[in-house]
Amino acid sequence: MCFLSIDIGATNTLIGYGDQEFDFIEKTKTEQFLNEIENFIENKLTDEQLDNLEEVAVAVAGPMDREKGVFYPPNIEIDQVDIITPLEGFGDVKIVNDCTSAVLGEYTYGDHSTENLVYITISSGIGAGVIIDGNVLEGWNGNFGEVGHMEIGDRGLKCGCGEEDHWEAYCSGNSIPKLAEEVAGEEYGNALELFEEYYSGDEKAERAIDEINRYNAKAVTNIVNLYNPEKIVIGGAVALNHPEEVVQPLQNLIKDRTINEEPEIELCALGEHSVLHGLRASCRR
Ligand SMILES: [Zn+2]
């Protein structure tokens, strides 16, 4: 009666196995996992664990076609991945959007005491999961939550999707160096370099981070007005690694800007495991 949860992120994949709780959680590179899905799982689990496995729940960071059981990974040199075929020998397989799973995980196990919760990831990409009146929103084909592609900018920065001025093109981990260069006139190799400059007291880096927060606040204001959440929790590597710089300022920055009452905004409760816990919740209920 065991389940396997697989969170396929843009960079890393987490897999968790368990019965009620997780017995173990492991992290691997997404590219490696996608190249050998079936073998990877056979090698990770003991014969006994494989025998007890009944359900497999997969979350994907990117557009998917639930009918065909495929998804289209961003940031990787693979056009589309058939998820169902290599996994169906292990048990019943379901596939969901990663942020949808994350909000379910936070709602079920995050101790947030609300029926109206939004989860936002600020990571390699940006996305959201929404629970309204206790119901998870999934959209007509399961691809709900591509909030990273809402237009919020005016600098003409190009998004990975091909369009311009999307939130993800300004504030995702992959885009932060480009925005920072625009604002500060300095080149940063990656987002971490910018934050390190900031921690050392650099004023240009501070200006860049202020601008990132201004764009984040614009997008979060839109989300508050659209969904009227009581609480917003933020996860993803950028938020988890720099909560004081990226998450904490938001509460103040959206003050008096939203038509709807301001929700509480805080770092997600389950860290990088929100998605896995959501998959666990969808298997166990
Ligand atoms: Zn876009």
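In what order do the 3 strands of the open sheet with antiparallel pairing stand?

1. The order is β5-β6-β7, and the sheet is open. The model under review is a predicted one. At the edges of this sheet stand β5 (64–65) and β7 (81–82); each has a single partner strand, so one side of each lacks a neighbour in the sheet. Strand β6 (residues 70–71) runs antiparallel to β7 and is joined to β7 by 2 bridges. Within this pairing, F71 is placed opposite V81 of β7.

2. A further antiparallel pairing links strand β2 (residues 12–18) with β3 over 7 bridges. The two are connected by a hairpin of 3 residues. Y17 has F24, in β3, as its bridge partner. Strand β3 (residues 22–29) lies largely in the open, because 0 of its 8 residues are buried.

3. The chain is divided into domain 1 (2–100 + 273–284) and domain 2 (112–268). Taken over C-alpha atoms, the centres of the two domains are 26 Å apart. Contact between them involves 13 residues of domain 1 and 17 residues of domain 2. On the side of domain 1 that touches domain 2, β8 (92–97) and α5 each contribute at least two residues. That side of domain 1 is made up of 7 nonpolar, 5 polar and 1 charged residues.

4. An open sheet of 5 strands shows mixed pairing and the order β11-β10-β9-β12-β13. Its edges are formed by β11 (135–136) and β13 (264–267); each of these has a single partner strand, so one side of each is left without a neighbour in the sheet. Strand β12 (residues 231–235) pairs with β13 in the parallel sense, over 4 bridges. In β13, I265 stands opposite I232.

5. Helix α9 lies across β9, β10 and β12, and runs at about 25° to β10.

6. The largest nonpolar core contains 79 residues. Those with the most contacts inside this core are V58, V103, V118, Y119, L194 and I234. Helix α9 (residues 203–227) provides the largest share of the core, 9 residues. The core takes at least three residues from each of domain 1 (2–100 + 273–284) and domain 2 (112–268). As a general remark, nonpolar side chains tend to be buried together in soluble globular proteins.

7. Which residues does V118 contact, leaving aside its neighbours within four places in sequence? They are V103, A128, V130, I223, Y227, P229 and I232. One of them, V103, is also listed with V118 among the residues with the most contacts inside the largest nonpolar core.

8. A last point concerns R155, which is found in the loop between β11 and α6 (168–171). Along the chain, R155 and G235 are 80 residues apart, and their C-alpha atoms are separated by 26 Å.

Key
Residues numbered from 1 in each chain as written. Predicted model: local features only at pLDDT ≥ 70, side-chain atom pairs only at ≥ 80, totals over all residues. Core = buried A, V, L, I, M, F, W, Y, C linked by C-beta atoms within 7 Å. Buried ≥ 20, exposed ≤ 12 C-beta atoms within 10 Å, placed from the backbone. Domains from an automatic or database assignment. Contact = placed C-beta atoms within 7 Å. Pairing = 2+ DSSP bridges. Axes fitted to C-alpha atoms, helices over the stretch in contact; angles between N-to-C directions. Nonpolar A, V, L, I, M, F, W, Y, C, P; charged D, E, K, R; others polar.
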